[in-house]
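My entries follow in the order I made them.

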Amino acid sequence: MPSTLFDKLAVLTRYFGYGSFRPMQEEIIDHILAGQDTFVIMPTGGGKSLCYQLPALLLEGITIVVSPLIALMKDQVDSLGASGVAATFLNSSLPAGESSKRLGDIFRGKYKLLYLAPERLLMEGFLEIVQKLPIALIAIDEAHCISEWGHDFRPEYRKLREVRALFPQIPVVALTATATEQVQEDIVRQLNLQQGRVFKASFDRENLYYEVRAKQDTYEQIRKYLKTRKGESGIIYCGSRKGVESLTEKLQRDGFGAVAYHAGLPAKDRTTRQDEFIRDNAQIIVATIAFGMGIDKPNVRFVLHYDLPKNLEGYYQETGRAGRDGLTSECILFYSYGDKMKIDYFIDDKTPQNQMLARKQLAQVIGYAESTLCRHRLLAEYFGETYHGTNCGRCDNCVKPVEHVDATVLAQKFLSCVRRTGERFGAGYVIDVLAGSENAKILSNRHSNLPVYGIGRDHSKKEWLQLSRQLLSMGYVIQGDYNVLKLTQKSLGVLLGEEKVFVKPLREEKTKFVATAAGPVDEDIFTRLRRLRKKLADEQDLPPYIIFSDASLRDMASRRPATLEEFAAISGVGERKLAMYGSVFLEEINSGR
Ligand code: ADP
Ligand code: ZN
């Protein structure tokens, strides 16, 4: 077997562009490569796909991936293609001619991975064809669809039992993000995985920040929040279709790129709007819980709940759509006791049996909303896990209560640097000047001659960045096009020494799981890279994240590689992407330096 440690890591870097495995990935891959059945339970964003994609590249023959989400197959195959992995799919969306052409190529050994919908696999005569293929591995994605206990039960999935019986000697890997024991047990039984090993990762999503905010003037709260999130993707969940429509309208009126999504819309509209969101044409999607199944957008940076969710599992699933790429993302629940009454009212209409369950679930949600304990802990314990940390640093209850500290002098330094550099730059540049950086752009602008140059060396760039974010959210500066910072009336008071500034203590942020450990991200470069990515994606008719993930762009904006060699070290840059995009991105990173 060609699966030495060297091969695994070589494939990881060459194709996927990563330098190391995520927790559990390596053990899982070893187990699969040893030819054993495997059951993978990992939360969304844990990195399940790699667990079968990497073995597929190392094993002889072809790996069949059964997935219920036809809409996502093209995406997955495109994404693999962009990394130089030969993959294809067969499903009902293809014209007959194209299908038979692909089948021919499959038999000629052109592909390492074949994605199939279960109904396709089970189609008359197709299994006989498949049996003639040199199959290396069968991966069953979204395996919870096999269970009637799960919310996404697919009758076609039940029949996968037969497939399992037809290929007794071929290893199977089943993957799911389902947290409930009952469904997990059902999957093992249905797929006959008793002999296999179960790999269950923690369901704690370390990169998500959870917060509950008391509803005051909720629309205003949301509007303010969104203003600090310019250009970032997010979902806002509302409890009703009407709520969705009216919030979307208000947001649109206020100039936000928001689209509405709920089950009452014609299928065509739903698809277009979803697509707008996926392609970063619409920044925000306002939706009922009908939205989200089969959404694989990795760079969702925030999930807001305008209304109270009906149960905690749903809340976990919905917020779980944030931060699949592992970058820090925010989940904020807006809560008022009045919302509980509204739901109570709906519950009264249910049958007595359903009422009991609904009330119990609602009580759990309220318990979560009103708790002063760590929210990561509350969610972990809800799913039967023991939580070991004491302060997660990633929820309002752990981060607060914060005493604000006097940061007047720091704010004066920062604001005066914004002014001295002409209110023409983003925070990254301003901080570089404060830090006395010798980057070429600063030197050529002669900003090294300014009196503010280097006066911020006593604080880290991270601390400055936190200060700048806080100044922004408090209105001491505003952010214009290209993230350029401008002073406000309020900042003049500070500069004149008439107003004191109090901020949350500046501290080094925890950056676990985040690819960008190299240093602060230059937001200006990041914005430009995002724009370049969008342009290339549109030219190739692909969603932007297939070109590079946000994590990769942030890594670029933080390390600012100057050569192709340095570019290759960026997380998510493998051989293919280096060749395809290396020079254009380098040019963008280094332009205006
Ligand atoms: P899941 O299917 O479990 O929700 P994905 O397979 O979509 O998760 O992976 C989530 C994200 O993590 C993707 O952007 C993927 O490229 C990234 N990822 C996976 N494995 C690694 C790794 N070893 N290092 C860095 N990023 C990774
Ligand atoms: Zn916490």
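Entry one, ligand 1. I found a polar side-chain atom of Ser-49 at 2.6 Å from an oxygen atom of ligand 1. I count a polar contact as a pair of N or O atoms within 3.5 Å; within protein, one must be able to donate a hydrogen and the other to accept it, and residues adjacent in sequence count only if both atoms are side-chain atoms. The protein covers 82% of the 570 Å² of accessible area that ligand 1 has on its own (Shrake-Rupley method, 1.4 Å probe; for residues, only the protein chains shown count as cover).

Before going on I noted the basis: this is a predicted model, where local features need pLDDT of at least 70 and side-chain atom pairs count only at pLDDT 80 or more, while totals for chains, interfaces and linings use all residues. Residues are numbered from 1 along each chain as its sequence is written, chains are lettered from A and ligands numbered from 1 in the order in which they are written, and side-chain values use heavy atoms, with hydrogens and water left out.

Tyr-18 also has a polar side-chain atom 2.4 Å from an oxygen atom of ligand 1. From Ser-20, a backbone N or O atom lies 2.9 Å from a nitrogen atom of ligand 1.

I listed Cys-374, Cys-392, Cys-395 and Cys-398 as coordinating the zinc ion through their SG atoms, at 2.2 to 2.4 Å (donors are N, O and S atoms within 2.8 Å of the metal, or 3.2 Å for Na, K and Ca; water is not among the atoms, so sites may look incomplete). The spacing of these donor residues in sequence is C-x17-C-x2-C-x2-C.

I looked up Cys-392 and found it buried at 5% relative accessible area (buried is under 20%, exposed over 50%, partly exposed in between; 1.4 Å probe, protein chains only). Cys-398 is buried at 14%, and Cys-395 is buried at 0%. Cys-238 is buried too, at 6%.
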